[in-house]
Amino acid sequence: MRGWFLPMAVALGFIFLYAPIISLVVFSFNDSRLVTVWGGFSTRWYGELLRDRQILGSAWISLQVAFWSANLAVIVGTLGAFVLTRFGGFTGRLLLTGMITAPLVMPEVITGLSLLLLFVSMELTLGWPAGRGLTTIIIAHTTFCAAFVAVIAQSRLRQMDESLEEAARDLGAGPVRVFFDITLPVIAPALVAGWLLAFTLSLDDLVIASFVSGPGASTLPMVIFSKVRLGVSPDVNALATIIIGFVLVAVIIAGWMMRRAARKSA
Amino acid sequence: MDGPAIAADTRPWRDAAARPFISVHGVTKTFGDFTAVSDVDLDIYKGELFCLLGESGCGKSTLLRMLAGFEQPTAGSITIDGEDMARVPPDRRPTNMMFQSYALFPHMSVEKNVAYGLLREGLKKSEAYARAGDMLRMVKLEKLARRKPDQLSGGQRQRVALARSLVKRPKLLLLDEPLGALDKKLREETQFELIKIQETLGVTFIVVTHDQDEAMTLATRIGVMKDGMIEQIGEPREIYETPRSRFVADFIGTVNLFEGTVEAAAPDMMRIASPELGDVLMPPQEGLTRGQQVWGAVRPERFTLSRKRPEGAQNAWEGVVEEMGYIGHMSQYRVRLASGALIRASQSNRMREEAPISWDERVWLSVPPAAFRVLTQ
């Protein structure tokens, strides 16, 4: 039984996971206007995509959002992870642990809605952020991406030999100096991995962005979603293929970085 | 005890007027319910190579970390060179530490690792690297200055760690199991190298170790620790020859311990009645009364083995060799007496014997009364 069962299970699993994606990639090179009928190989939808101002504009917004929220998430997430792993048992530690990891399990609809309410009331009382748009999406994405970065950074900080930091203290470096000279370079691969993960998550997000975006700040997933509702056009397949390519590369690099970091610490 | 004639100034602990360089006074450290270090008093003198010896969990590392400033004592005070160390953070202390894991910075080259402390001191780059280079020459690693720590062998890493901890010329160097990760042969070589470096630089060393041989070889004095307390402080010879308790006697080297009661105490000799050995003559000791429970401790090498009853021997027993181990320079024996007691004895193999004493032979064991150490705890 063992002879055929395992390969079979693996094959079925992979088909289940990747058949839709592969068919999407294949049909992105379809010449026909009908999405489900094969009309010969062509790259015309990729060309059409480049002429679509709406899609290009939203792609640019998505990249900006992803870039800035990944940067901010790495800073916030690393600080959170550092406090949780290095400051021992302070009051409110458990609460902070919960708060930092909550966005991981919180339904996106709730995260999006609560952030929208926050931004609206902040605008009314503080006058900032004025309206919703790029800034609010960046802030919203930072909150949930920071949770992922914190988890990755925390596990790396736990693995790290704390005597490295003590040795630097012992050699005359103050605590801040130690953080920048020793801790940061040692956990850097994990932070790069965290950054790439945050970038990818932000690029993928539809639900939260829909809640907190405003006029003129539609992200790529939002544009795709609205297009699909009017019927799937082949250029969406082409766009999806490009995104899959990007995400694949980012995930592979992130995974490689994490593996390397784990190997180095061993 | 008559030691060899060494000038008194090399053993300041024997001079009551000498001022200690490091003074640990009434130090206690608790972690929650657990007491790691309990009311320790310790004076260490300039230029000493002091070993804190004990099993893992005895508090020796915690004591070392308090000296380095990584842990704050729950009670008591630590003074280094006349300066109270309370509230002085590790980066401001005149101490450096060599870590058990070596703690070499993995993203820096060997050279950068060694120069790091000097750069933090505010030294110019050129000067810092020059001094780091000198230090690496001393540990014979100048050729590997550009390598990263993960490109070095265990022994090389150990030397980088030593160079890095010495480069700032600390008043006090703390070494946490400095040779623990090396294999036996390398460890023995490095022990003597460590002593040489310590003597050349004149830095005071405190070494934490669980290895009694290491402590005996390295130390000017040893502090034996147990359950957070110091059991005994003394020169290696004192610790070995005149242990203060059964724990110390048993922890350092091999020992035969026999329980007994004082039967007669004359000023020149004491007779102990032991259920295992019968009547034993031991050296007299003050403060003991008739009927008091004591333990006699005697090292295996103090016994003499012979096939016939030795003439004039004051303490002699007959038994059967149950086990025998030939080690080369000596042989170890386990001899079972008629009372059931098992005695560990060893003989040095000075000559090539034709017919050495071997398994299942009936032998006589004898030991002079002065070889016993009488213990009351």
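Strand 6 (residues 95-98) of chain B runs parallel to strand 7 of chain B, and four bridges join the two. Strands here (E, at least two residues) and helices (H or I, at least four) are DSSP runs, numbered from the N terminus, and two strands pair if DSSP finds at least two bridges between them. This is a predicted model, in which local features need pLDDT of at least 70 and side-chain atom pairs count only at pLDDT 80 or more, while totals for chains, interfaces and linings use all residues. Residues are numbered from 1 along each chain as its sequence is written, and chains are lettered from A and ligands numbered from 1 in the order in which they are written.

Strand 7 of chain B also pairs with strand 8 (residues 204-209) of chain B, in the parallel sense and over five bridges. Individual bridge partners and the pairings are set out below.

| Strands of chain B | Bridges | A bridge pair |
|---|---|---|
| strand 6 and strand 7 | four bridges | N96(B) and L173(B) |
| strand 7 and strand 8 | five bridges | L175(B) and V207(B) |

Is strand 7 (residues 172-176) of chain B enclosed or open? Five of its five residues are buried, so the strand is largely enclosed by the rest of the structure. A residue is buried if 20 or more other C-beta atoms lie within 10 Å of its own, exposed if 12 or fewer, and partly exposed in between, with C-beta atoms placed from the backbone. On one side of the strand the buried residues are L172(B), L174(B) and D176(B), and on the other L173(B) and L175(B).

The largest nonpolar core has 150 residues, and A198(A) and I206(B) touch the most other members. Such a core is a set of buried Ala, Val, Leu, Ile, Met, Phe, Trp, Tyr and Cys residues joined through C-beta atoms within 7 Å. Helix 8 (residues 175-204) of chain A gives the most to this core, with 14 residues. Domain 1 (12-250) and domain 2 (254-307 + 314-375) of chain B both give residues to this core, so the core lies between them; the domain bounds come from an automatic or database domain assignment. Leaving out residues up to four places away in sequence, A198(A) touches S69(A), A70(A), A73(A), V74(A), C145(A), F148(A) and V149(A). Contact requires C-beta atoms, placed from the backbone, within 7 Å.

The centres of domain 1 and domain 2 of chain B, taken over C-alpha atoms, are separated by 38 Å. Six residues from domain 1 and six residues from domain 2 make up the contact.

Chain A has eleven helices and zero strands. Its C-alpha trace spans about 70 × 65 × 35 Å along the principal axes, and buried residues make up 37% of its 266 residues.

Between the chains, 15 residues of chain A are in contact with 17 residues of chain B. Helix 7 (162-170) and helix 8 of chain A each supply at least two residues of the chain A side, and helix 7 gives the largest share, six residues. The chain A side divides into seven nonpolar, three polar and five charged residues, where Ala, Val, Leu, Ile, Met, Phe, Trp, Tyr, Cys and Pro count as nonpolar, Asp, Glu, Lys and Arg as charged, and the others, Gly among them, as polar.

The predictor gives the complex an ipTM of 0.83 and a pTM of 0.82. Chain B averages a pLDDT (the predictor's confidence in each residue, from 0 to 100) of 89, and 98% of its residues score at least 70. Over residues 1-8 of chain B, pLDDT stays under 50.

Technical notes. Contact = placed C-beta atoms within 7 Å.
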